[in-house]
Amino acid sequence: MDDVSLGLMLDLVGTFVFGLSGATLAVRRDFDIFGILVLAIAAALAGGVIRDVFLGATPPAAFSDTRYIAAAALAAGAAFVGYRVIERLAKPVMLLDALGLGLFAVSGCRKALEAGLDPLPAVILGVVTAVGGGALRDMLVAEPPRVLREEVYALAALIGAVIVVAGDMMALPPGWAAAIGVVMTAGFRIVSVWRGWNAPRAPGSGKPR
Amino acid sequence: MDDVSLGLMLDLVGTFVFGLSGATLAVRRDFDIFGILVLAIAAALAGGVIRDVFLGATPPAAFSDTRYIAAAALAAGAAFVGYRVIERLAKPVMLLDALGLGLFAVSGCRKALEAGLDPLPAVILGVVTAVGGGALRDMLVAEPPRVLREEVYALAALIGAVIVVAGDMMALPPGWAAAIGVVMTAGFRIVSVWRGWNAPRAPGSGKPR
Amino acid sequence: MDDVSLGLMLDLVGTFVFGLSGATLAVRRDFDIFGILVLAIAAALAGGVIRDVFLGATPPAAFSDTRYIAAAALAAGAAFVGYRVIERLAKPVMLLDALGLGLFAVSGCRKALEAGLDPLPAVILGVVTAVGGGALRDMLVAEPPRVLREEVYALAALIGAVIVVAGDMMALPPGWAAAIGVVMTAGFRIVSVWRGWNAPRAPGSGKPR
């Protein structure tokens with residue numbers, strides 16, 4: 001398997017896992033099979049679509065390559081028939097989700113650098129790519145996005161994106177920086193869940209409006 | 001009236017009816033006249049704007065042709081002065097909404113095919129075009145989009161989009177496939193409301209988180 | 001300081017102030033430091049990003065010039081360390097927010113005219129630019145956008161955009177029309193808050209669904 005197909009395969013795995021996160025939420029909310037499909041597609045593809053639209057790379061990869069939508073639809077089907085099993089697999093799903101987070105943060109940041117963006121905007125676009133799908137997923141069920149509240153989800157994505165940019169500045173081979181970024185994001189996310197890490201809150205925050 | 005102006009007229013009817021759905025929701029939520037206008041524009045134009053942005057066809061038709069915004073603003077004005085009448089006309093409004101759903105599903109799918117998208121992405125873009133406005137409308141009032149929950153709304157849009165793609169594969173004249181798609185989507189939607197059809201839910205779904 | 005840098009400086013002030021509105025909301029909702037950053041960026045940049053994506057001007061200015069993200073991040077940092085002070089400064093923040101509203105309404109409308117849009121779509125794009133960030137900010141915390149409900153916020157943006165279009169039609173120097181538009185929007189917003197103005201609601205509105 002050459003590099004290209006490995007990259008694509010990892011991308012599709014990330015798409016599938018993010019699709020699972022949308023589909024299982026839809027099942028929990030008692031959506032019908034079609035609502036499950038829509039939420040799977042939204043969670044799986046929105047981050048990449050936002051990335052490509054911002055960069056002017058239209059139509060987005062999610063629409064120019066059928067396999068992305070197919071991966072999201074497969075996740076919807078899996079959640080529909082196997083919801084109870086997937087809920088019991090919460091731990092493996094979390095591991096795959098952490099991997100998806102790393103893959104999307106790195107791919108968003110890489111594409112942004114290749115399009116000529118400066119380091120800081122490239123990092124932000126990487127984070128938007130990684131958390132955009134989850135944010136839309138939660139907005140569609142009218143909840144404050146958990147990616148903004150839960151543990152250090154977005155911070156893990158930031159770490160991967162910063163590594164890609166730093167590697168670019170130090171002229172490391174892109175593949176190496178990307179691999180380190182994916183591993184660091186996924187690892188940080190997994191350890192933060194395991195350890196119950198929280199990012200600091202502001203002094204005086206959280207009072208009722 | 002030639003074909004082009006018929007297509008545009010149907011498009012503007014769909015825009016007006018979707019605008020009504022946003023404007024009447026805003027009135028129910030006690031928004032002021034300006035909130036009514038914004039919600040009418042969001043519901044009427046968002047689906048087509050998403051379609052055009054995804055395809056790189058910028059500025060979107062809704063912004064390059066003044067009549068789209070005028071149709072949405074007209075709907076806002078109608079809802080402002082005639083809210084009580086429109087609520088009593090729920091049935092005709094539902095019929096027109098079903099027609100709008102069909103028109104938008106077909107137009108989204110057609111534009112996607114013309115832009116060179118593959119069949120599956122073209123179908124999905126058709127559905128996004130058809131339900132995008134209603135989804136944004138409901139997100140703006142912080143509700144889970146009814147298009148994802150109510151009866152088989154999005155499924156009806158899917159049927160129309162699939163017919164357009166199937167017609168394209170069988171080299172049918174595009175006008176014929178489009179007409180059949182619009183009629184089937186609208187008809188399926190109307191019958192599903194009339195009969196109270198529901199799409200299947202997943203085994204074990206709907207339990208509290 | 002020449003005209004260009006004055007325009008950019010005002011743009012960055014608007015970005016910073018809108019970022020503050022997102023960051024303080026995030027603090028109130030007990031988001032962690034990263035959620036504060038995300039909400040500041042969303043509120044500060046979304047309006048301009050929507051404007052640029054709609055006009056096909058990608059990557060959006062918010063991503064091609066690092067200073068926009070830096071201004072939003074600065075607002076997040078200020079809200080994190082100085083939340084209690086900022087809450088006590090509600091009045092000056094409101095004044096700056098009114099200025100930001102005017103700046104964004106005018107910049108959105110100007111860019112739309114320069115891209116060849118007709119008057120009505122240009123006005124609507126100006127309003128979307130001005131209120132888009134605030135709308136996304138509120139959707140991210142699952143609230144009906146206050147920009148659609150509160151006093152005459154969006155109407156103030158409309159006034160500035162109409163002035164820019166009217167100035168364009170009367171062939172006024174763009175700088176003059178822009179300045180008048182910013183002042184009128186900010187002034188109208190400030191007076192409306194001070195006087196408690198409300199836009200009219202529809203007859204029979206606000207009844208429970």
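Contact here means heavy atoms within 4.5 Å. In this predicted model, local features need pLDDT of at least 70 and side-chain atom pairs count only at pLDDT 80 or more, whereas totals for chains, interfaces and linings use all residues. Residues are numbered from 1 along each chain as its sequence is written, chains are lettered from A and ligands numbered from 1 in the order in which they are written, and side-chain values use heavy atoms, with hydrogens and water left out.

A:Ala43 belongs to helix 2 (residues 33-54) of chain A; helices (H or I, at least four residues) are DSSP runs, numbered from the N terminus. With a relative accessible area of 1%, A:Ala43 is buried, a class that covers values under 20%, while exposed means over 50% and partly exposed lies in between (1.4 Å probe, protein chains only). Apart from its neighbours within four places in sequence, A:Ala43 is in contact with A:Phe18, A:Ser21, A:Gly22, A:Gly133, A:Gly134 and A:Arg137. From C-alpha to C-alpha, A:Ala43 and A:Ala23 are 8.4 Å apart in space and 20 residues apart in sequence. In chain C, C:Arg189 of helix 8 (residues 174-195) is buried at 6% relative accessibility.

The aromatic rings lead from one chain to another. Over all chains, a search of the whole structure finds six aromatic pairs. Rings of Phe, Tyr and Trp (its six-membered ring) pair if their centres lie within 6.5 Å; planes under 30 degrees apart count as stacked, over 60 as edge-to-face and the rest as tilted. The pair of A:Phe63 and B:Phe54 is tilted, because the planes stand at 50 degrees, with the ring centres 5.3 Å apart. This pair joins two chains, since A:Phe63 lies in helix 3 (residues 61-64) of chain A and B:Phe54 in helix 2 (residues 33-54) of chain B. A:Phe63 is buried at a relative accessible area of 3%, and B:Phe54 is buried at 14%. The rings of B:Phe63 and C:Phe54 also form a tilted pair, with centres 5.3 Å apart and planes at 50 degrees. Here the pair crosses from helix 3 (residues 61-64) of chain B to helix 2 (residues 33-54) of chain C. B:Phe63 is buried at 4% relative accessibility, and C:Phe54 is buried at 15%.

The packing of helices comes next. Two packed helices are described by the angle between their axes and the distance between the axes. Axes are lines fitted to C-alpha atoms, for helices over the stretch in contact, and angles run from 0 to 180 degrees between N-to-C directions. Angles under 35 degrees count as roughly parallel, over 145 as roughly antiparallel, 65 to 115 as roughly perpendicular and the rest as oblique. A crossing is left-handed if the near helix is turned anticlockwise from the far one by less than a right angle, and right-handed if clockwise.

Within chain C, helix 5 (residues 90-114) and helix 6 (residues 119-140) pack at about 140 degrees with their axes 7 Å apart, and the two are therefore oblique to each other. Their crossing is right-handed. Residues of helix 5 of chain C, including C:Leu101 and C:Phe104, meet residues of helix 6 of chain C, among them C:Ala122 and C:Val123. This contact holds 10 nonpolar, four polar and no charged residues, where Ala, Val, Leu, Ile, Met, Phe, Trp, Tyr, Cys and Pro count as nonpolar, Asp, Glu, Lys and Arg as charged, and the others, Gly among them, as polar.

The crossing is left-handed. B:Thr66, B:Ile69 and B:Ala70 of helix 4 of chain B make this contact with C:Leu120, C:Pro121 and C:Ile124 of helix 6 of chain C.

The loops hold some backbone features. Most residues other than glycine have a negative phi, and most peptide bonds are trans. The bond from A:Thr58 to A:Pro59 is cis, with omega near -10 degrees, and A:Pro59 lies in the loop between helix 2 and helix 3 of chain A. A:Ala171 has a positive phi, near 60 degrees, and is exposed at a relative accessible area of 63%.
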